[in-house]
Structure formats: C-alpha cells, structure tokens
Amino acid sequence: MNLAIETAPLLSNEQRKRARNVGFSLIFLALISAFFFSGRPGDAGFKLVDSFTLVLPSQPFARALAVLLGALGAVQLYRGFGKWTNVVLAISTGAFVVGFLAWATSGGSFNLTGMLQDTVTRSVPITLGAIAGILCERSGIINIAIEGQLLGGAFAGAVVGSLYGPWAGVLGAIVMGVALSALLAVFAIRFRVDQVIVGFAINFFSLGLTSFLSQRVLTEHPEYNIVKPFTPYAIPLLSDIPVIGVALFTQTYFVYISVIAVVLTTWFMYRTRWGLRTRAIGEYPQAAGTLGVDVIRLRYRNVWIAGAVAGLGGAWWPIGTVGRFDQNITSGRGFIALAAVIFGRWHPVGALTAALVFGLAEAIQLKMSNLDTGIPSEFLLMAPYIVTLIVVAGFVGRSRAPKAAGQAYDASK
Amino acid sequence: MKLELRGITKRFPGVVANDNVNLSLNTGEVLSLIGENGAGKSTLMSVLYGMYKPDEGQIVIDGTELVFTSPADAIAAGIGMVHQHFMLVPVFTVAENVVLGVEPTGTLGKLNIDEARRMVREISDKYNLDLDPDAVIEDLPVGVQQRVEIVKVLLRDAKVVVFDEPTAVLTPSEIIEFFEIVKTLVSAGRGVVFITHKLKEALNIADRIAVLRRGKVVGEVDPKTATESHIAEMMVGRPVQLTVEKNSAEAGDVVLKVTDLTVLDADGRTHVEKVSFEVHAGEIVGIAGVQGNGQTELVEALTGLRKATSGVIALDGKDLTHSNPRERHQMGMAHIPEDRQRQGLVGGLSVAENLVLTRYHDDQFSHGVIVEWDAADAMAETLIGEYDIRTPNKETGVGTLSGGNQQKVIVARELSRDLRLTIAAQPTRGVDVGSIEYIHSRIVKERDAGTAVLIVSTELEEVMALSDRLLVMYRGKVVAELDPKKVTPMEVGLYMAGSRPDSAVTA
C-alpha cells in the first residue's frame, strides 16, 4: 500500500454523510454486542452434521465481536474504508448475525445446516418475485404488483394443483401471473396510467379476489385446496457434500428452477439482442424507438414474461411448501422482492443474493421462536428486518435505477 | 435519390405547426432549414422521420409516394436523423448504441459484439471519425457523441441525413470538424438537411437555404448572395438588430466575490473545482464554456440551489455560502435560471402568480398569511406592459406562452426591483430573435444602472457580445480570463476545448 503518496479523494456532502452513517451503524452494532449479547453465559452449539457440532462460547465471542465492530466503526469514522466500505459492512453484519445466534443459542444448540436449508427454501418466492420486478423495471415499467401476482399465482396453483396435480398447478399459477400482469401492461403501457397506482390497484384486487374465493369456495370445498406438494429432490453426488449438500442440493424443484431462472435472465439480459433492447427501452426508450425498435410491443412482452415468473413464484406456497392456500398467504413477500430488486441493483444475481439475505432473516426468526431467548416474539419478527435495513441503508447508496422506469412511452417525444 | 415533401400540413390542437410545406432535396447537396424556435422545423422533420403522421401532403422519393408509420419505415427508405437531443443510451458502449435495432446475432439472439465492434471500426475508419467502439457514451464529450450518431445513420445506409440543430452543443473547433464531416458525406453522394437557427452557419455550409416562419416556407435563398440581416428579417417578419449595443463599462466596487468554490454531486463527481473570481458593480462578466463543464453547478451553488462543498461566496462582503435562496434573493441577487420550465416558472400558475412568486411574502403583497391579490395583480399589469410580455391577460397559464414570453416573465420578475447582482444562465436559450434583442438590452440597462451582472451562456457569440470581461470554464475550472474585445471566437474556442493557445491575448 502506498497510502503516503495517494492524496485523499474529495468527497461530496452526501458521501461523507453516508460514510459517517456506516461508521455509526458499526458502533451501534458493537454496543449491542457489548451490552446485550454478552449478557448470557454458556456455550452455543451449532449442529453442522449429525456427527459434528461447532461450539462457540457465547460471552467471550460477544466481547471479541464488540471490540472488532467498535474498532472497525472507529476506523470508518476516522478515515473511512473507501471502496472497501461495503465489504467491511458485509463482513461485520455477517459476524453480528453469528453473534446474535450465539447469544440466542447460549446454553443450548441448534441445527445450523437445517437453518441454511430453510434460508435457501424461503428465498425462492423472493428471488422469482425479484426477477419479475427486474424484467419489468429493466424495460421501464415499475412493477409494484409483484405481491398481487405472487398471491394470484399461489391461489391458482392451489386450486389447479388440487384438481390436476402439482405440475398442472404450476402451469395454472403461471397463467394467473400472466393474466394479472396483462392488466398492469394494458393500464401502464396502453393507457399510460401511473404505474405505481396501477400496481397497487392490482395488489388490492388480487388480495380481495383470492380472499373472497378462499372464504366462499375453498372453505366449502376443501377438496379444491389440497395439493400434493413437491418433495425435496436430492441431486446425486452433490447432495452428499457435508452442510452444502443439504442446504443447496436437497431441495424441491422450485429452488433449482429459480437458480436456472437467475442464470437465464442474466444471460439473456446481458448477452442477447432481446437483452440489449430491453435495457435500452428501460434507460432511454426514445433512443430505441427512433431506431425502429417497437418499444410498446417489447414492453408488453416483458411484462407478460415477468407475470409468468411471478406466478411461478406464487406456486411455491401451495406446491413447494404447505400444500394449500390461505388468505394473504404471501404476507408481503412481493414487497420484499421489490426491495431485493433495488438491493440487488436491478441485476438477477444481485437480487438472488438479496433474496438469500431476506431468506436468512426469515429462517432465523423461525429458529428463534423455538429457542428460549426471553425476547417477545413480536420483536423477533422485527429483528432480522432491522438488521437488513441497516445493511440496505449502507449498501444501496449508489445504485442506479433504469432511467425510464415509471415513465410511459410516447413515440412522438 | 430525390426527396420531396409536397404540401405537408400538420395540425396540433390550436396550432398549425406545418402549413402546406413544399421542399425538395437531391443527394449530394446540403439544404439548410432555418427558422426560429416554434417555426415548425422539428415538427416537419418528425413527419419526415415517421414520428408524426401528416394531416395533409405526401413524402415522395424518386417519384414514388411513401407513407411512413414509424421511424423504421423512414430508415428503410434511406432517411437518417441525428436528433438535437442525442438518442444514445448513456450507459451503453458506442458499439451497443450503434447496432441497437440492427444487431448482428447468432443462435437464440446471442449478440455478436465482435461483429458490432468491427462494423463501428469500419465506418469510423472510412469517414475518419476516430471512434472507440468500447467507450461508454456517458464518458464521451458531446462532439464524439455526435459522431456516434452519425455512425448510427451511416450503418443503416441513409441516403439523406437530417441534422437537427447539430452545432448547438459543439465548441467552435468541433463545429469546424463537423462541417468537414458534412462535406465528406455530401461528396460520398449523400444528401444533408441541416436544421439551424444560426445564420452564419447556414450561410457557411448550405447549398440552398429554406426559411420557415410560423409553419410556412417563406422563401428559399441562395447563400452565395443572401445576407444575414436579410435572412433574419425573413425569419422574424421585421427588421431586427443583430448586434448588442452598449457603451464601455464603468466598473465599481466588488459585489460578488467567489473564493476557491468547489462543488461535488451526490456521487462524488467534481463539477466545480476551486473556482475564484469577482464581479464588480456596473460590469458584465461572462462565463463561456461547452455545456456540461460545470457552469450549471456553479450557478446553482451561487444561487443557493446546490450546496457548495467548500469555498466561500460573498456578496458585498457578506458571506452567504450557507444562505438559502430566499436570503440571497433578499440581499439583492436576481437569478434567471437556465431551465425556465423547471426552475424559473411554475407552468400551471398564471402569469400574475409567477410574477409575484419571489415577493408574495413581502409586506406589500401579504397581510399575515393572506396574499393581497389586488396588489399582486396591479404589479402584474404594470410589468406586463413595461416588459412587453405578449399574453392574452395576466390570468393566462404561463406554460401556454411562447418561450420568448416565458423568458420575459422571468426577466420582469427578477429585474424589477433594486438589485446588487444579476445572474443570468442561458438567458436567450430557445427564445425568438425579437425577444433576444429585448432581453439583451434589458441586461445592458441593468449594468448601466450599477448592478453587477454574471452571464453564463454556451452561445459563444452571445457571451462575447454582452460581456465586459470573459471567463472560460473547462472541466469545472476557470481556465482563462479574457477581454472579449481583444480575442477572436476561435481563440476562446480553444480554451473551451481545454487547450491553451500561447499567443492569446489575456486581459
């Protein structure tokens, strides 16, 4: 490092503010570790495989963590980590989560591998919802309706799946997702209605319709609401790897499909004609339009594809997990997916990463309610999201949305 | 190829943008289409490019009538257009922008980006355009961006290339390069339509000049015989004064003192870097520079619309670096902003409401929380008369007025009080020749009354004509202080492009 000859880069007021906030966040986490996590003596056992349990003495660990976070925070406030800020923040937050788990588990043990498996499982609808969001926003349409599309997909998946089997259910969910997105497309593209308002209308429409039908029809005809869900499929060889094998390769088809969806979306978005045109109409549709690209048609098509992906994500609830539909079963995952779009900077791989963070938050919250931590369960519901908020506030400083997102296209301008 | 527009009429609610327009163009010649803003030049070209459907008239190519329903049809017919606002995706590379719409692809629509690069290089070499296919558009200077637009058009093998106000964003030396490119295009057998409102340039490059006024072609002139004042009269419909009349300045005390001003944006990019200068009472200081070299941010920092990252701004010796816009306003600072629709006016409000926007809280116009509309209306009536604002009445929505009259509303509001400092950014952008004349005379009058005046304009001729002292900004820095009477536009242009001519006369 030749720091001596580097001149300190000039920072704008906003950058300084953000750097300071990151510093204070780290100190805040350090204080929690020092005064809260170190309050429970005992060892925490993290079960990795049946034959091996990792043991962390929770009090010394919390103290060490507090010193580390405090030091990092002080360095950040004093001179900043510059381009390493996000890396430092990610590692610190990860360590903090481990500290939290060590505190909560102290004196007991829990199945860490199982929690990781749960993390991956629960990230599925968020990943697919986020891909639906990316497909829309990259072509200039803000998709607030992901929640409604997931919910509609879940309902259709349950009913069709009960009647004709799970694969038919998946197809039904996709059709429902496309139908709801067609509604968004017509209003946002054809009639140029404010996209956020249309999106919200679709969410309420979807919630109202599925709740009504589930009360009126499904309660009277429970035979329409029993799906045989997919069982985990262990990929030969890969699933034998310790820890990772269970977490990643012993999953339902949904996990594999969503990974494929991430790979395909990335490849198509950045390597093909379709992707180039899609990104162009999301950034500057007039540029594409004046070159003879049919902006309107491409936007329609992308919103439909997005609907299909979101519908598929909705099918996860009845066909990937519980085997039935309940009122508002998605409970806001569509909005979390929207956060994952932004957190992931409109990139499919970024969105997958974000979805895993949110999935981890859900999995931790579930585990904690089984452990005796003395924290009210309401707070447990919030805690993972609070941590996530801190991370998002730190990470998403400079992400840039597609410029034309939310703007109706008018060929004559 | 021969392109003809026959009897084109295009109506919008309330206006006839093009009224029975007839034009023709052969390949191998340059036709200049000249007219004021709002004369219908851009509408006509949008019709030609398939973006508007004409209400009457035909587009005829080599004797065949063609109907364009989209730009794709126009491109197929051999028409290419370089728009005034470049149609380039800022985050894409040169190659990606050029091939958009005609991408070379393999299986599953996989982009063949190597082929795209090769195509860009081939055309770039053939026409000597010197483009890097992998450069990202937003990192490129506008002159280079324009060449990317030209490559786009050439790749689609356009026989007729339309340039809409192509020189508005270029430095004098870039304009010369641009004219060279136009000549190459013409000698390669292509036709060029050159839309402009700059008389000199039309006279310089065109084979024929067609003058448009209020949607009609009012005449065609031969650049070999026509004079500037003759064409200007055809554009406006009456004789106009093309030069600014002013006496020499009598500079007084320092009014504005800027010391080491630095402005960064939210992303940490430097827009203004350690800029220092003074403006004295009774003088006009001009800031020249190519658009995007920090002038916008400098003005925003001076007027309080943007925070200064470091440095000091003082008015009459008082530090107002951290004052808000209203405080600065009350200290006698007037601001004519560069973007009148976004920063100067509230389009949905009436002329009277806009005129009182900066003063509704004064005792004269308010009584506690109640606005005294009678007083405001009376003032509006006076100002409309005094500043010659052409509006049906004071209740008319300001957004419905012409650009020149909107600008006069701002000038009236800002200059009609006791001032210490007037900051005018692009004061005549998109304003008709008649109003330009008027606004310039108002600014000079303000100077003669002892106000310090700072003019920022990308129109080099305008700043040189108005200023008593001239500063040149390049990449956020003031790179030269010149006496506008002693330098040529060419020399100033070199400073604007970042080079330092050693023989230049400095003030």
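Biologist: In this predicted model, which hand does the crossing of α6(A) and α12(A) have, left-handed or right-handed?

Modeller: The two elements are helix α6 (residues 166–190) and helix α12 (residues 295–322), both of chain A. Their axes come within 6 Å of each other, and the contact between them has 23 nonpolar, six polar and one charged residues. The crossing that they make is right-handed.

Biologist: Are α6(A) and α12(A) roughly parallel or oblique to each other?

Modeller: The axes cross at roughly 140 degrees, and an angle has to be over 145 degrees to count as roughly antiparallel or under 35 degrees to count as roughly parallel.

Biologist: How are α1(A) and α3(A) oriented to each other?

Modeller: Helix α1 (residues 13–35) of chain A packs against helix α3 (residues 85–105) of chain A with the axes 11 Å apart and at an angle of about 20 degrees. Angles under 35 degrees count as roughly parallel, and therefore α1(A) and α3(A) are roughly parallel.

Biologist: Which residues of α3(A) make the contact with α1(A)?

Modeller: By class, this contact has six nonpolar, four polar and no charged residues. From α1(A) come Ala19(A), Val22(A), Leu26(A), Leu29(A) and Ser33(A). The residues from α3(A) are Thr85(A), Leu89(A), Ser92(A), Phe96(A) and Gly99(A).

Biologist: Is Leu454(B) buried or exposed?

Modeller: Leu454(B) belongs to strand β20 (residues 452–456) of chain B, and, leaving out residues up to four places away in sequence, Leu454(B) touches Leu256(B), Val279(B), Val285(B) and Ile423(B). A residue needs 20 or more other C-beta atoms within 10 Å to count as buried. Because 26 such atoms lie within 10 Å of Leu454(B), this residue is buried.

Biologist: How far apart in space are Leu454(B) and His280(B)?

Modeller: In sequence, Leu454(B) and His280(B) are separated by 174 residues. From C-alpha to C-alpha, however, the distance in space is 9.7 Å.

Biologist: Which helix gives the most to the side of chain B that touches chain A?

Modeller: The contact takes 32 residues from chain B and 26 residues from chain A. On the side of chain B, the residues divide into 17 nonpolar, nine polar and six charged. The element that gives the most to this side, with three residues, is helix α2 (residues 71–76) of chain B.

Biologist: Is Asn328(A) partly exposed or buried?

Modeller: Asn328(A) lies in the loop between α12 and α13 (333–343) of chain A, and has a positive phi of about 45 degrees although it is not a glycine. Most residues other than glycine have a negative phi. Because 14 other C-beta atoms lie within 10 Å of Asn328(A), this residue is partly exposed.

Technical notes
Residues are numbered from 1 along each chain as its sequence is written. Chains are lettered from A and ligands numbered from 1 in the order in which they are written. This is a predicted model: local features need pLDDT of at least 70, side-chain atom pairs count only at pLDDT 80 or more; totals for chains, interfaces and linings use all residues. Two residues are in contact if their C-beta atoms, placed from the backbone, lie within 7 Å. Helices (H or I, at least four residues) and strands (E, at least two) are DSSP runs, numbered from the N terminus. Ala, Val, Leu, Ile, Met, Phe, Trp, Tyr, Cys and Pro count as nonpolar, Asp, Glu, Lys and Arg as charged, and the others, Gly among them, as polar. Axes are lines fitted to C-alpha atoms, for helices over the stretch in contact, and angles run from 0 to 180 degrees between N-to-C directions. Angles under 35 degrees count as roughly parallel, over 145 as roughly antiparallel, 65 to 115 as roughly perpendicular and the rest as oblique. A residue is buried if 20 or more other C-beta atoms lie within 10 Å of its own, exposed if 12 or fewer, and partly exposed in between; C-beta atoms are placed from the backbone. A crossing is left-handed if the near helix is turned anticlockwise from the far one by less than a right angle, and right-handed if clockwise.
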